[in-house]
Amino acid sequence: MQVIHLIEQRSLSRRATQFTFRARFRHVAGQYVALQLEIGGTTARRYYSIASPPRPDGAIQICIRHDGAFGRHLIGLRAGDAVECSAPSGKMRLLDPKKPAVYFAAGTGVSPMRAILLAHLEDNPQADATLALGARWRDELLYRNEFDALARQHGKFRFLPVVSGDDREWPGSRGRVTDHVEAVLRGRRNVDAYFCGQREMVLELRRKLESAGIPDERQCYER
């Protein structure tokens, strides 16, 4: 384990906060790390995907739900405080920046998708990419404003927010992210697919994408 230092934290929703740390390692967009803390005399470790691509200043961003003991402890940190952190790991990565891509995520599963998508658009500003992001309520659509801005900035990037809860004022798409696979693919087969979420979501997406003609080797996912 090595030590990273908190730069700042920013609330993303009622239950999620983005923490920006100064790190000395390099990572690949899509990888994750383990954070380790001493809480009440007990060592606790949690695994989180890095929500940002590599940055020149070495900073990393991590999106964490703060409704558990580990998250609440992190909320109490101040700028400059240290946290033990593992080296980056994981096989998720940008497969081909020149190829059309579709992204699916729900909740904090958006973290590796955001990192890979930002790397994708940085490498290829004209990338043909679509992100479907799901949440129960509109105020839990993490990074929604950022993705809206990216859609305005990059002409071929499409953002599809999806709300599953009983939000009568929500004007957009409803249901689960997995309900919108056909709308995201738009009949295309020559695309790379990236997704992250709970086990059931991942299994359903794998099945639906393969049925739509996207083979497993073109699917990059994490549970």
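Student: How do the residues of the lining of the second largest pocket divide by class?

Tutor: This is a predicted model, in which local features need pLDDT of at least 70, side-chain atom pairs count only at pLDDT 80 or more, and totals for chains, interfaces and linings use all residues. Residues are numbered from 1 along each chain as its sequence is written, and side-chain values use heavy atoms, with hydrogens and water left out. Ala, Val, Leu, Ile, Met, Phe, Trp, Tyr, Cys and Pro count as nonpolar, Asp, Glu, Lys and Arg as charged, and the others, Gly among them, as polar. The lining of the second largest pocket then divides into five charged, two polar and four nonpolar residues.

Student: Which element gives the largest share of that lining of the second largest pocket?

Tutor: A pocket is an open set of points on a 1 Å grid over the protein atoms alone, with protein on both sides within 12 Å along at least five of seven lines; a cavity is a set where a 1.4 Å probe fits but cannot get out, and lining residues have an atom within 4 Å of a point. Helices (H or I, at least four residues) and strands (E, at least two) are DSSP runs, numbered from the N terminus. β1 (2-11) and α3 (144-153) each supply at least two residues of the lining of the second largest pocket. The largest share, three residues, comes from α3.

Student: What volume does the largest pocket have?

Tutor: A volume is the space filled by probe spheres set on the grid points, which are joined across faces, edges and corners. The second largest pocket has about 150 Å³. For the largest pocket the value is about 1,200 Å³.

Student: Which residues are closest to the centre of the largest pocket?

Tutor: The lining of the largest pocket has 40 residues, and β4 gives the most to it, with four. Closest to the centre are A106, G107, T108, G109 and Q198.

Student: Which residues touch the most other members of the largest nonpolar core?

Tutor: A nonpolar core is a set of buried (under 20% relative accessible area, 1.4 Å probe, protein chains only) Ala, Val, Leu, Ile, Met, Phe, Trp, Tyr and Cys residues joined through side-chain atoms within 4.5 Å. Of the 34 residues in the largest one, those touching the most other members are Y103 and F147.

Terms used: Buried < 20%, exposed > 50% of the residue type's maximum accessible area, 1.4 Å probe, protein only.
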